Amino acid sequence: MNKRKLAIYWAATCGGCDIAILDTQTKVVEIADAFELVLWPIAADFKYKDVERLAQGSIDVCLFNGAVRSDEQEELAHMLRDRSNVLVAFGSCACFGGIPGLGNVSDKAGIFAKVYSDTLSTVNNNGIRPKTKVKVSEGELTLPGFHDTVRSLDQVVETDYYVPGCPPPVSLINKVADALITGELPPAGSVIASDKTVCDECPRERDENKKVKEFKGLSEVTPDPKKCLLDQGIICCGPATRAGCEATCPSVNMPCRGCFGPPAGILDQGAKLLSAISSIIDSKEEQEIERIVEQIRDPLGTFYRFGLPKSLFRRTMST
Amino acid sequence: MKRITIDPITRLEGHGKIEIFLDRKGDVANAYLQIPELRGFEKFCEGRPAEELPRIVPRICGVCPGAHHIASSKCVDDLYHVDPPPAAKKLRELFYCAHVVHSHIAHFYLLAAPDFVMGPAADPAERNVLGMISKVGIEVVKDVMKYRGFAQDIQAVIGGKATHPVSGLPGGLSKSLSEEERRDIEEKAAGCLEFAKFSVKLFHDVVLGEKKYVDLITSKSYSMRTYYMGMVDEDNRVAFYDGQVRVVNPDGEEFVKFDGRDYLDHIEERVEPWTYLKFPYLKAVGWKGFVDGADSGVYRVAPLARLNAADGMATPLAQEEYERMFDTLGGKPVHATLANHWARLIEILYLSERLLDLSRDPHITADDVRTIPTETPTEGTGVVEAPRGTLFHHYRTDEQGLITDVNLIVATGNNHAAICMSVRDAARGAIKRGKVSEGLLNMVEMAFRAYDPCMACATHSLPGRMPLVAGVYDWRGNLIRKLTRE
């Protein structure tokens with residue numbers, strides 16, 4: 001019997017998405033049963049050359065995790081797109097850039113200067129930087145080129161589905177796996193998660209009339225474990241974040257940081273959060289509102305923690 | 001000059017690449033381990049609130065996020081000059097023991113064991129965890145899944161999630177442990193301890209019972225006389241969560257013992273243009289190139305280094321096995337790189353014993369798990385023993401607690417120079433006068449894998465063998481032969 005072909009690949013990522021697939025325990029066995037794996041660097045020995053040899057459209061499904069920030073990641077994204085009937089952005093990095101996407105607050109030169117010169121333990125008086133081609137006494141060594149800007153998968157190639165989460169929780173992976181195994185896929189372009197927001201799944205008590213005069217950081221307080229975090233003046237990205245995690249972080253008394261990305265129909269997660277926050281500020285005076293908003297110490301790194309490359313800004317400086 | 005490229009997952013997929021150059025006689029002139037990856041956390045953490053870093057930095061590595069989470073939590077304690085309540089420290093350590101158990105089980109069974117259970121020369125198609133079923137039975141493989149799963153569950157209870165935990169804050173944790181959760185952890189910890197005992201016995205039966213494996217472990221190609229670094233408690237026993245960093249010289253004598261805050265007095269890093277990962281070395285000895293011995297600042301970390309750098313283990317079963325290892329392998333320190341596998345199992349034993357002790361601690365369910373900082377944040381350092389070695393986090397902030405400077409020395413970074421040297425030495429053992437032995441791939445792979453290198457590909461290729469391709473080039477750069485393990 002000819003099994004359908006599955007490829008799993010990672011780019012600029014941490015490996016956590018692959019560990020999450022392993023954490024499904026039995027589901028990973030079902031996946032291996034239903035599909036012939038043609039690429040999964042974490043689990044099996046298939047070569048890039050083997051993939052290159054495959055004809056266009058010969059891979060049924062490719063789960064792509066990680067953002068794109070180097071020449072080789074970009075090349076692999078194109079190669080896998082060409083060969084895959086269904087390309088899935090798996091995990092927050094592939095969907096929106098993820099935490100590596102915060103790299104868009106700087107660029108290649110800025111990151112290199114910090115890592116290779118300005119870090120306190122580094123001794124580099126000659127200002128050496130890694131290069132794509134280097135002559136050593138025995139020959140030449142090469143490294144893949146490092147880009148100025150981190151991109152989500154769909155900023156590089158056309159993407160069919162999105163599975164958000166950092167990493168996607170086991171319950172969601174099981175759902176995705178079942179859809180892939182049965183072939184009952186939602187319409188192309190879908191985000192495979194809930195259409196609601198994290199607040200809709202959150203067990204905390206919310207007071208619809210609650211207004212706040214002050215925002216606090218978690219270095220200053222321990223929140224009441226039962227009440228809505230925003231009601232307590234703690235920035236929580238729940239109202240601007242897609243559901244599907246069962247409010248994991250608020251359930252352990254930590255605010256949501258938005259790893260599932262914006263909910264259905266919302267283009268910019270940060271703008272949505274800002275409007276949610278504005279609606280609970282207890283003031284009508286412009287100056288006071290400004291003073292209260294300024295208490296949010298790091299709006300960019302909080303509102304766009306996982307999605308800077310896919311935000312309307314994309315990055316903070318031009319290069 | 002001939003050139004051999006070993007590209008673990010091929011260059012394009014790269015999480016680690018090995019290049020071996022031959023001289024005109026056909027012997028190995030040099031070898032390079034290149035890390036083709038960089039994400040720049042040191043830069044993009046600038047401007048973030050310090051208390052958010054324990055939630056950001058775990059994304060450095062999805063295999064050892066717990067190590068970064070705990071190092072970062074300790075770092076922000078230090079930065080805010082705050083001491084967490086006793087229950088918070090115990091819970092963090094409990095979480096952390098489970099974390100290292102997860103990582104070590106995964107490494108030993110899914111990566112390392114097939115080499116020994118199936119034999120280094122076995123059919124590559126069989127030399128994986130599935131092949132092991134025929135030798136050790138499906139039950140063992142099921143147990144591997146089960147107990148690694150337990151270790152993940154324990155982390156999720158305390159950390160919120162196992163992969164990318166969130167509960168660490170300056171001054172402690174966001175939530176306490178309920179009695180119901182504690183009972184569940186105790187049960188799972190007891191299971192992990194039984195599995196740890198079984199694993200040590202399996203290693204004795206399968207590996208130490210065979211002279212050829214003991215000879216392989218102690219062979220010269222896999223041995224290097226270096227300094228060793230590891231964290232120790234007040235009695236110089238191996239410590240993972242907290243303690244002082246101790247370095248022993250190649251003769252096993254204490255070279256220095258320091259507080260993590262003083263790491264800049266002892267470690268410097270070098271930049272090479274051919275890799276994205278830096279090379280740390282001992283400042284007092286200096287960088288002398290890729291050489292071993294007491295005059296070279298190259299040092300090693302990870303399980304064997306930790307055991308070499310300590311005087312013993314803090315729990316009874318682990319201590320017994322610690323003594324057995326050093327007796328069997330000719331006393332301390334052990335320079336045999338492959339002994340890392342035995343050391344890793346001794347650590348699983350220790351961590352499981354510690355896990356069980358902590359889960360039975362009557363104070364671990366105390367409600368008070370957070371001390372709110374009251375002082376102005378300034379600068380902090382957090383050091384832990386990550387599964388793959390000593391991990392340093394160092395942050396500075398402005399008065400608002402926004403990060404102005406981050407420095408990270410990650411576990412595998414410490415070993416970068418030593419791994420390059422181990423790969424070169426293993427290649428020298430396998431390549432003579434231009435003849436590339438068929439065992440080359442395997443010998444290099446085994447040298448590499450013993451370190452369980454994190455930033456390279458081995459830890460990212462958890463459940464399988466690390467795939468290798470080797471091209472042999474003549475001195476003009478023409479491909480004359482290609483070795484591929486399929």
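**View 1. Helix α6 (residues 138–159) of chain B packs against helix α7 (residues 179–208) of chain B**. The two helices meet at an angle of about 145 degrees, and their axes lie 10 Å apart. Axes are lines fitted to C-alpha atoms, for helices over the stretch in contact, and angles run from 0 to 180 degrees between N-to-C directions. Helices (H or I, at least four residues) and strands (E, at least two) are DSSP runs, numbered from the N terminus. This is a predicted model: local features need pLDDT of at least 70, side-chain atom pairs count only at pLDDT 80 or more, and totals for chains, interfaces and linings use all residues. Residues are numbered from 1 along each chain as its sequence is written, and chains are lettered from A and ligands numbered from 1 in the order in which they are written.

**View 2. Residues at the contact of α6(B) with α7(B)**. From α6(B) come B:Asp143, B:Tyr147, B:Phe150, B:Ala151, B:Asp153, B:Ile154 and B:Val157. α7(B) supplies B:Glu181, B:Ile185, B:Lys188, B:Gly191, B:Cys192 and B:Phe195. Residues are in contact if their C-beta atoms, placed from the backbone, lie within 7 Å. By class, eight are nonpolar, one is polar and four are charged. Ala, Val, Leu, Ile, Met, Phe, Trp, Tyr, Cys and Pro count as nonpolar; Asp, Glu, Lys and Arg as charged; the others, Gly among them, as polar.

**View 3. An open, antiparallel sheet of three strands in chain B**. The strand order is β12-β13-β14. β12 (379–386) and β14 (403–409) stand at the edges with a single partner strand each, so one side of each has no neighbour in the sheet. Neighbouring strands are turned by 15 degrees against each other on average, direction ignored. Strand β13 (residues 389–397) is joined to β14(B) by six bridges. Strands pair if DSSP finds at least two bridges between them. B:His394 stands opposite B:Asn407 in β14(B).

**View 4. Helices α3 and α12 of chain B against the strands**. Helix α3 (residues 65–79) lies across β12 and β13, at about 150 degrees to β12(B). Helix α12 (residues 411–430) packs on the sheet and touches β12, β13 and β14. The direction of α12 makes about 125 degrees with that of β13(B).

**View 5. The side of chain A that touches chain B**. Here 67 residues of chain A are in contact with 76 residues of chain B. Elements of chain A that each supply at least two residues include α1 (16–23), α4 (71–83) and α6 (108–118). α1(A) gives the most, with six residues. This side of chain A divides into 36 nonpolar, 17 polar and 14 charged residues.

Methods: Two residues are in contact if their C-beta atoms, placed from the backbone, lie within 7 Å.
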